[in-house]
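Here's a quick tour for anyone meeting this structure for the first time. Take a look at it below, then read on.

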Amino acid sequence: MDRADVRPLAGRRPAPAPLVVSVLALAAVMALAISVGSVPVPPAALMGGLVDGLRGHVHGTVDVIVWQLRLPRVVLAALVGAALSLAGAAFQGVFRNPLADPYLLGAASGAGFGAAAVLVFAGAVPWLARLGVPVAAFACAMATVAAVTLVARQGSHLPSVSLILSGVVVGSSLTAATSFLMLASRDRAAGILSWLLGSFAYASWGRLLPVAALLLPAALAILAAARALDVMQLGEESAAQLGVPIEAVKLGLLVAATLATAAAVSVAGVIGFVGLVVPHAVRLAFGAPHRRLLPLAAVWGALFMVLADLAARTVVAPAEVPVGVITALVGGPFFLALLRKQRT
Amino acid sequence: MSVVARAVRAGYGDGDVLRGVDLELRSGEVLGVIGPNGAGKSSLVRVFTRLLPLREGHVEVDGVPLARIARRSLARQVAVVPQSAELPSGFRVEELVAMGRAPHIGLLGAPTAADAEAVEAALRETDTERLRRRAASELSGGERQRVLLARALAQRPRYLLLDEPTNHLDLRYQLEVLAFLRREVARGVGAMVVLHDLNLAAGGCDRLAVLDRGRVAALGAPSDVLTAPLVSKVYGAEVEIHTLDARPLVVPRLPRG
Amino acid sequence: MVKRAVFLAVLLLALQVALATGYPLTVTDEVGGTLTLQHAPQRIVSMIPSDTETVCALGACDRLVGVDTLSDWPPGVKALPQLGNANQPDLEALVALKPDLVLTDEYSGLAARVRALGLPVYAGTPQTFDQALTFFGTLGRLLDRDTQASVLKGRVQGQVAAVAARVAALPAAQRHVSVFVELDPTPYSVGPGSYLGTLLDRAGGRSIVPASMGQYPQVDPELVVEKDPQVVLLMDAPYGETVAKAEARPGWSGLRAVEDGRVIALDQQQVDMLSRAGPRMGDAVVLLAKLLHPGRF
């Protein structure tokens, strides 16, 4: 009963077992995802493709399929899943609100509007076309959250309630603007909608690297705030009385989580549910302390997303289901089941 | 060694809640703060922890002006036991108590053996060791209050500020809290405790401060402070003061009909 | 007679030699990408139905190894491996076919993705009548089918010219039949400047939608009643709209098209033919002329 590894402070090795097991599970799921596709590739050729890719000698059809199509897609799904889940956990922690998700402050609606604007106006406005959907989506997501933050700011304070409310209001306005763009340019509507529902079909190393470069510092910043997030669960007043610089931590986490969210959304579209449900599920399964919750949320977010994408590209192959549809359809019932099990 | 407030004026919005408070909390004493609702008792706690900014006046902790003390450093000297015992779900008792070490560890540092020892000691002294693996949601009201005491203790503060720690607690826990305070005070901690129950205050505190509409109406030993005219005036209710074991006993005069 | 035939054959051969594409051939596509072909492509993937039709019309149908899901003409291409569509391609299967030329559009972004995989790609598909005629030549050069391209172009132009001549011979009042083209019941329609608008023009008709509303505008239902079209073309009929439902719409009972029984439900083949700027453009103009001027064509 007295497991030394869960003692909060004596634990220099904080609960290694669940994290190790989770990482192994993620590796297994990623291997599975790489081995499945519309063209059958035997395991030996698969390994060959990976080895060739690592050595920078991508030759032949199988190498191209494994190294340039499947691997970047699986890695991107994992990165995006980890980012959304981590950002969701950060937002839920900062706002102490179980409904908080990475899109709470308008990142999704901002990105959606940016993407829709490029998809609609690229033909008429050359610089928009050069900018491209990912950059526009990223920029609009960041700008939206910045605007929401400025609107909600009261002096040096960032009251959570005004942040959430202005996020909802600004988000609704941008969603309406996006809907209008879709209706006004019918031939682009399908493209916008499929972007909004999310997909990893456009994964490539070229797209993946900038995202990874943005995600890494953001993820480290969020992980570093684990203790502050724990203390903040006592309420902002108590946290301040325990020496936590509330406004600085809040702003830092907001920037990091928004960076992660915007980077994820810019390449994968608006994939819902992962950032809301995975942190809750991990909390129910492994407990609330963020030192444990945050890394596990990242790993399980990645795992869930890789599986969702695998389903998205196999259930109606060779066509694809938007991965956002899968995450919502599968994630919802799974979470409800977990919730019920927890209560009894 | 003391926390000193001089001519403190502070408040919310347009109004002042504290209108010139002079008060000193000394090491080794239990200072009771009493007064009717809205007198400014909780605001005083918030002023001492810099949550409520001063509009006028001066507060210093062991001779250092409050404004010059970093938030983290202040949290190592002054600990608060809050009024509402709402605890976040999903944390075990030992994890909640360990949060008291946050000002010592810092946000990026790693806990040391000293931190672990402080948590163990806090659990021991509040008799919460057997609860350590329990989730906060499984605790009774009294147990929650003891966890909050343990957390404050884990901070190893020189001053403890308790905001109505016995609210909603039955008699046994009320006495437990006072016994706990006496132990800590004996080690040199200064404790300021906001109380509603005048007899509990009279029995458990070395000195009492009566707050009335943002000012200290009386300050001194319980037997000097708790006089019938003063209590009647401040609370707007008729009382009789009796003496029991050299302590004043406040008895409200109930309307008879 | 035989002499003349031989002469013609020799001339055609000479033309073919003169027009033969020289490889390696480098061209720039509509998104500015360069494509270099070392030899005439033998394994072609077409991700656009009209491109598929053009490849086949140039006599290179046997060089197609894969097509998009909507490519259905000529019917033989339906037996080829299907690779999704330009927006949702099955890239793995596409790569596995080892194509030496991929034909796609300029909007979906597929061209960049295919080029990144090291495959030769031509991005750009015609949107208008004139662009399609030009594209026949472009594709003819890429595939070393220049002569066939000229012939195809001539045939389409001939069909259209024949229709135009007969339209010009019509009484003035019948040269501009007013048409409401319905793309979906919301209703979306086509302006005179759109591809279909230009086909209508050549077939002696005119869309009731003002040019100022753009190419594919959503129109106010009142506009249809106000403009009182002589003919209604239901391009949404393959997706569930019916003549009966359309005629029952508020205000439609008095329309000339309804009174004359000229609300016309098009079938899928007709809709495809009217939507694709490809080798069947001439057939499309003839079809429209027949629909707009019954008994005259």
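Two strands count as paired if DSSP finds at least two bridges between them, and the strands themselves are DSSP runs of E, at least two residues long, while helices are runs of H or I with at least four residues, both numbered from the N terminus. Keep in mind that this is a predicted model, where local features need pLDDT of at least 70, side-chain atom pairs count only at pLDDT 80 or more, and totals for chains, interfaces and linings use all residues. Residues are numbered from 1 along each chain as its sequence is written, and chains are lettered from A and ligands numbered from 1 in the order in which they are written.

**The open sheet in chain B**

- Chain B has an open sheet of four strands, ordered β2-β1-β4-β5, with antiparallel pairing.
- The edges belong to β2 (18–26) and β5 (64–65) of chain B; each has a single partner strand, so one side of each lacks a neighbour in the sheet.
- Strand β1 (residues 2–10) of chain B runs antiparallel to β2(B), and seven bridges join the two.
- In that pairing, V8(B) has V21(B) of β2(B) as its bridge partner.
- As background, strands of a sheet pair through backbone hydrogen bonds, either parallel or antiparallel.

- How many residues of strand β7 (residues 159–163) of chain B are buried? Five of its five residues are, so to speak, tucked in as buried, where buried stands for 20 or more other C-beta atoms within 10 Å of a residue's own, exposed for 12 or fewer, and partly exposed for anything in between, with C-beta atoms placed from the backbone.
- Y159(B), L161(B) and D163(B) point one way from β7(B), while L160(B) and L162(B) point the other way.
- Strand β6 (residues 78–81) of chain B pairs with β7(B) in the parallel sense over four bridges, and V80(B) sits opposite L161(B).
- β7(B) also pairs with strand β8 (residues 190–194) of chain B, again in the parallel sense, over five bridges; here Y159(B) has G190(B) as its bridge partner.
- To get from β7(B) to β8(B), the chain passes through helix α7 (residues 171–186) of chain B in a right-handed β-α-β crossover. Right-handed is the term if, with the strands pointing away from the viewer, the path from the first strand over the helix to the second runs clockwise.

**Chain C**

- Chain C has 12 helices and 10 strands.
- Its C-alpha trace spans about 60 × 55 × 35 Å along the principal axes.
- Of the 297 residues in chain C, 44% are buried.
- Strand β3 (residues 44–46) and strand β4 (residues 64–67) of chain C pair in the parallel sense over three bridges, with I44(C) opposite L64(C).
- Together with helix α2 (residues 49–57) of chain C, β3(C) and β4(C) make a right-handed β-α-β unit.

**How the chains meet**

- Two residues are in contact if their C-beta atoms, placed from the backbone, lie within 7 Å.
- The contact between chains A and C takes 17 residues from chain A and 16 residues from chain C. Here α3 (60–95) and α8 (186–197) of chain A are the elements that give two or more residues to the chain A side, and α3(A) gives the most, with five residues.
- Chain B and chain C do not touch, and their nearest C-alpha atoms are 43 Å apart.

**A closer look at M232(A)**

- M232(A) is in helix α10 of chain A, and it counts as buried because it has 26 C-beta neighbours inside 10 Å.
- Leaving out residues up to four places away in sequence, M232(A) touches G93(A), V94(A), A239(A) and V244(A).
- M232(A) and V249(A) are 17 residues apart in sequence and 9.6 Å apart in space, C-alpha to C-alpha.

**Confidence in chain A**

- The predictor's confidence in each residue, pLDDT, runs from 0 to 100.
- Chain A has a mean pLDDT of 88, and 94% of its residues reach 70 or more.
- Over residues 1–12 of chain A, though, the pLDDT is below 50.
- Where pLDDT is low, the predicted coordinates should not be read in detail.
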